[in-house]
Amino acid sequence: MIILHDIHKSFGIQKVLDGFSLDIPTGRITAIIGPSGEGKSVLLKHIIGLLQPDSGMIKVDGESILGLRGSPLNRIREKFGMLFQNAALFDSMTVFENVAFPLQEKTTLGKAEIRKRVLSVLENVGLKNVEHKFPDELSGGMKKRVGLARAVVLSPKIILFDEPTTGLDPISTRTIHNLIRETHAKFGFTAVIVSHEIPEIFDIAHNVAMLFRGRILQQGTPDEIMNSTHPAVKQFINGSLDGPIHMM
């Protein structure tokens, strides 16, 4: 389980997280939704230890990560994989080399075993026989698949997804969501997904939490959030964001 309690974070005079608290259950898919600019990506950076809060508590599997640096922090980070908005592939590397990179950097596996694992995970994400291609030869959806393959190749316990379907058309978005669901069912990792895809993200999430003004406004199952009577949640879910979100 990942526990975040009373997290505060400001950049200068801008307060981004303001008493944020959330328990993220092990082995489940938790979606974090909310308007743009509310600090969802900042939150992911706190979970993986790229940012430290001004105050609060963050625990991963019962261990506090506050103040950790160097080897102790790297040991915690070994539990994580991450899929970035743009997939963050190395343009000068082939698909195979991109997915193999974590294995080469963090394990002592031989070339034959690395090749076996890379080809297996590429097949799992529907990319059989594309290992020789370069990122600029791939569609946006295929790049996301390569990013997902790289995220799971080390069999992490936790995967963070930062807007995994940004820039994709509706069909590709559904494909990536289905792929995340199928990959989760196969590998059983804990997933945290930051997403603007409403209501599509509700089809794959077990839990949904809405981040608003630096804290969790409401959390629950997808059905509970979809049927929420809270004015601000209803306004966001219905897509009526022309004016300010109303709290009352």
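A cavity is a set of points, on a 1 Å grid over the protein atoms alone, where a 1.4 Å probe fits but cannot get out. Grid points are joined across faces, edges and corners, and a volume is the space filled by probe spheres set on the points.

This is a predicted model, in which local features need pLDDT of at least 70 and side-chain atom pairs count only at pLDDT 80 or more, while totals for chains, interfaces and linings use all residues. Residues are numbered from 1 along each chain as its sequence is written, and side-chain values use heavy atoms, with hydrogens and water left out.

Start with the fold. The protein has eight helices (DSSP H or I, at least four residues) and ten strands (E, at least two). Its radius of gyration, taken over C-alpha atoms, is 18 Å. The globule rule (2.2 Å times the number of residues to the power 0.38) gives close to that, 18 Å for 248 residues, so the protein is as compact as a globular protein of that length. The C-alpha trace spans about 60 × 40 × 30 Å along its principal axes.

The structure holds one cavity of 30 Å³ or more. About 50 Å³ of space lies in the largest cavity. Its lining residues (an atom within 4 Å of a point) are M1, I2, I24, T26, D61, K157, I158 and T190.

Key
1 Å grid on protein atoms, 1.4 Å probe; cavity = no way out; pocket = protein on both sides within 12 Å on 5 of 7 lines; lining within 4 Å.
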